[in-house]
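Please examine the structure shown below. This briefing treats its aromatic rings and the packing of its helices.

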Amino acid sequence: MVTTGRVGVLLLNLGGPEQLDDVQPFLFNLFSDPEIIRLPVSWLQRPLAWLISSTRAKTSQENYKQIGGGSPLRRITEEQAQAMQEALRCRGRDVQVYIGMRYWYPFTEEAIARIKRDKIEHLVILPLYPQFSISTSGSSFRLLEKIWQEDPSLNAIEHTVIPSWYDRPGYIEAMAQLVGQQLDQLENPDNAHIFFSAHGVPVSYVEEAGDPYQSEIEGCVELIMRKLDRSNDHTLAYQSRVGPVEWLKPYTEDAITDLAEQGVETLVVVPISFVSEHIETLQEIDMEYREIAEEAGIHQFQRVPALNTHPVFIESLADMVMDAINSAPRRLSEVTALPEKTKMYPQEKWEWGMTTAAEVWNGRMAMLGFIAIIVELVSGQGPLHFVGLL
């Protein structure tokens, strides 16, 4: 089906504080989302978000100072949007690209308002997360569903959702190119161990909610290694875990130490689930994990850059949009690409944990202790009780 009329593309992403003064309100927005911290009573969400964001702001600001005073995520996403828009125009499609961030400006709500103002008739919804997870793309889809329900006029916009694209040939090609280029900068590229570090999620999301994230990450790594066609050994691990619940393993910091004990001296680290530079690549990988590696005896620690506006990647995004424009609509209520057993969102029950949508800061355990005290004061039940419920 060939789409006619005004066409728009909505790029979905996390968002991040652009300057130090943005950190506290960004954290408030983050922790106001029940997908980040789940509480037994909903009215506690915003007060607790205010307390956490106020308490952690200074520590988080110190981490952002290490990467220049703010997140580059918005700037890079805007560059990606502009590059994709130009790629589509070169193909004869005058498509307007919008950006909707989950927790900071420009918010998803702002993007939808602009889409309505511009009288878009056909909308392609494209998350900038290659692999689907209920904690990333799913959270944004949930918000969009709410916006659609509250504004019946949006039903006039024909829309199609691209929930996952981890196996797109152009994306795989771009990733393989970046890994190969990083390897070729080494004196002995064949001796390097390729280390894929992916955003982690709680195990319960995979085992209880049917989140396809883990299988898509593993499939993605396999496709990249096949395309790369090198003899290097490789490892997949998961970063950014917080909270006392079990997350996907192996954890990045543990895997780095294990490889050092096995005699690995050169790591080429691939941020597999990130398409833009942000605090988790620039601070967590480049600083925290580099330090762990060096202390463990790994002498060379090289990190593959994020895709950003890599030409092959941008063309792949444009391909996805063209395919969506020329195919039958897939509405938010459908998301047919997901396994049937997948619950779009985890079951609504009391469980302790924070999703990895959160940007990373030092002092995680201090924050958890603070939350435990608040919950104990309110509920009269201590943290050991809740650990026993997990």
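Trp165 counts as buried in this predicted model, because its relative accessibility is 1% and the limit for buried is under 20%. Tyr171 is likewise buried, since its relative accessible area is 1%.

**Aromatic pairs**

- A pair of aromatic rings is described by the distance of the centres and the angle of the planes.
- The count of aromatic pairs comes to six.
- The ring centres of Trp165 and Tyr171 lie 5.2 Å apart and their planes stand at 80 degrees, so this pair is edge-to-face, the class for angles over 60 degrees.
- Trp104 and Phe107 also form an edge-to-face pair, because their planes stand at 70 degrees, with the ring centres 6.2 Å apart.
- Trp104 and Phe107 are both buried.
- One aromatic cluster is formed by Trp104, Tyr105 and Phe107.

**Packing of two helices**

- Two packed helices are described by the angle between their axes and the distance between the axes.
- Helix α1 covers residues 23-31 and helix α2 covers residues 45-66; the two pack at an angle of about 135 degrees, with their axes 7 Å apart.
- That angle makes α1 oblique to α2.
- The crossing in which α1 passes α2 is right-handed.
- Residues of α1 that make the contact include Val23, Phe26, Leu27 and Phe31, while those of α2 include Ala49, Trp50, Ile52, Arg56 and Tyr64.
- Sorted by class, the contact of α1 with α2 has ten nonpolar, six polar and two charged residues.

Definitions and conventions: Residues numbered from 1 in each chain as written. Predicted model: local features only at pLDDT ≥ 70, side-chain atom pairs only at ≥ 80, totals over all residues. Heavy atoms only, no water. Axes fitted to C-alpha atoms, helices over the stretch in contact; angles between N-to-C directions. Helix = DSSP H or I, 4+ residues; strand = E, 2+ residues; numbered from the N terminus. Parallel < 35°, antiparallel > 145°, perpendicular 65-115°, else oblique. Left-handed = near helix turned anticlockwise from the far one by under 90°. Contact = heavy atoms within 4.5 Å. Nonpolar A, V, L, I, M, F, W, Y, C, P; charged D, E, K, R; others polar. Phe/Tyr/Trp six-rings, centres within 6.5 Å; stacked < 30°, edge-to-face > 60°. Buried < 20%, exposed > 50% of the residue type's maximum accessible area, 1.4 Å probe, protein only.
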